[in-house]
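Open the structure in your viewer and keep the selection tool at hand. Each stop below says what to select and what is there.

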Amino acid sequence: MNASPEPIVAIRALTKRYGAVTAVDGLDLEVRRGEVFGLLGPNGAGKTTTLECLEGLRTADSGTVLVAGLDPRRDERELRRHLGVQLQSTSLPDSIRVGEAIRLVSAWHRVPYKVGLVERFTIGALMRREYRQLSGGQKRLVHLVLALVGDPELLVLDEPTAGLDVQGRARLHDEIRSISEQGVTVLLATHDMAEAEQLCDRIAIIVRGRVVVCGTPQEVTAAGHSETRILLRTANGSLLPGSDVGAAHFVGAENGYLEWTSREVAEAVTEILARVQRAGDVVDDLRVARPSLEQRFLEVVTEAQQ
Amino acid sequence: MTAFWTSLAIQLRVDLRDRGTLLVFYLVPLVFFFVFGGVLASLNPLMKDTLAATMTIFAVTMGALLGVPEPIVKMRESGTLRAYRANGIPGSAVIGVQATSAFLHLLLVSAIIYLAAPIVFQARLPQVPLAYLLVLVTFIVASIAVGLLIGAVAPSQSWATMLSMFVFLPSLLLSGIMFPATMLPDVFLWIGRVFPATHALQAFYGFAYRSTTEIDRTLALGVLAGIAVIAFAGAVWRFGAIRRNEKD
């Protein structure tokens, strides 16, 4: 990651209501230049509305949004030169060819048709295909290419891999990494925790229109209440029936495995292995399961909704 | 401006690949012209005199009312317009390109009918071709404006089809292109005067063929231009309202 501290997106006290429903409720957020930033949250948390406000596709009720120093409400046209957008729900005319769509967007961005972009995404074979003939993954890829036609500083992707198969998802992940390596800031909304962990330098979890946690995936995960699970099976079952061991709290035994939880993992594992050795026993299997981002996400969402 | 012309060139190529567009702008109007043109001319030899005008009115009405609104509503419903806007293509440019391509298709099909009518059916050519062109252009613009208005007010594709039919069918039956409007009861005669097709026929008769008209020819052309302005203004206002609603 080559992130500098200067924010490319600065959102302060953003509020957006739809009638009686408050979709975004005083949200603050900063995205630094060069990073891949993930917005996570349950359905209806306000992710898409937040993105639409910064894309200039929706008008906020209050608060300020600055994207590359521009106000999307006032400077929408100028903003398009700095911003590439892939919407959550998007389409093109059925009969338009991929090459025509790229030529069309290039013309409106006043940039030459980029052969390099086509080569980089290896979509040369699709250029003469009509939009209706593309698979879901190919359509996503085409929309990603269209978002990059104007050489944006910031690429906004709203659930870019939703509905894709494993291969399509892996390919899109590779492309997003490659885009980030070129220095483009990527802001993506996703429901996929694995995607957020693999791709994002920082993430924010939004619940009820507010950011409740923000940091690197590791920081967000570590800040939770969940403890690391330690599972052990020995040849002779010497530690059965099981008890607390130093910093490890004994949870129970099942199928020959003893389970502990602990925050001081290294200390706990060392002490457990020492006991096994002292008993003249041999370790069959040892597993250390750190809390996942998904567990932390569920914890955060449950707390925020209570 | 270069972007607009690039968009138009791409739109025309897309249209040529789209079966629906080819059907409503070319195939059905031309089949109707070649099949029913002969039938109408044999049933009423007087119709042969103005066959180019009547068949053109059918073709333009069909293309503009069935070919313009549906793609616009589809683009709104499918998120294509939003995708274009997110990619830096203004919605007004997309609608402008749609309208311009429709204009070119309707001009082309009208030209085919104009040139084919005397050859195939020995139809009379208008006495004042320039006046024919003026009325034709005004009528195409008015019809496209009505098509845009339908595309702007229809909440869904099925509504668009229904509204288009609501204008298209009475335009055919009450305007006088299928049979003389004077044969109609007064109430239908007056209802027919709501539609651009009626005034287009009167303007063609009066200006291009120099024949007698049921409505003053200048008034007919004025009403046609008025319909174009009002429908276009309504469509612009409605598209603006849709955009504001999408942002709210």
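Start on chain B. Select α2 (19-43) and α7 (91-121): each supplies at least two residues of the nonpolar patch. Helices here are DSSP runs (H or I, at least four residues), numbered from the N terminus.

A word on the model. It is predicted, so local features need pLDDT of at least 70 and side-chain atom pairs count only at pLDDT 80 or more, while totals for chains, interfaces and linings use all residues. Residues are numbered from 1 along each chain as its sequence is written, chains are lettered from A and ligands numbered from 1 in the order in which they are written, and side-chain values use heavy atoms, with hydrogens and water left out.

**Stop 1: the patch.** Now colour its members, among them Leu23(B), Phe34(B), Phe36(B) and Ile119(B). Together the patch residues have about 990 Å² of accessible area (Shrake-Rupley, 1.4 Å probe; for residues, only the protein chains shown count as cover). A patch joins nonpolar side chains (Val, Leu, Ile, Met, Phe, Trp, Tyr) within 5 Å, from residues with over 30% relative accessible area and no salt bridge. Which helix gives the most? It is α2(B), with nine residues. Click Val35(B), in helix α2 of chain B.

**Stop 2: the interface.** Show chain A beside chain B. The contact (heavy atoms within 4.5 Å) takes 27 residues from chain B and 30 residues from chain A. The two chains bury about 2,700 Å² between them, 53% of it on carbon and sulfur atoms. Buried area is the accessible area (1.4 Å probe) lost on putting two parts together, summed over both. Select Arg17(B), Asn87(B) and Lys247(B): they supply 25% of the area that chain B buries against chain A, more than any other three residues.

**Stop 3: the salt bridges.** How many salt bridges cross this interface? The rule finds seven (a side-chain nitrogen of Lys or Arg within 4 Å of a carboxyl oxygen of Asp or Glu). Zoom in on Glu52(A) and Arg82(B), whose closest N and O atoms are 3.1 Å apart. Glu52(A) lies in helix α1 (residues 47-55) of chain A and Arg82(B) in helix α6 of chain B, so this pair joins two chains.

Key: Patches are made of residues with over 30% relative accessible area and no salt bridge: like charges are joined within 9 Å, nonpolar side chains (Val, Leu, Ile, Met, Phe, Trp, Tyr) within 5 Å.
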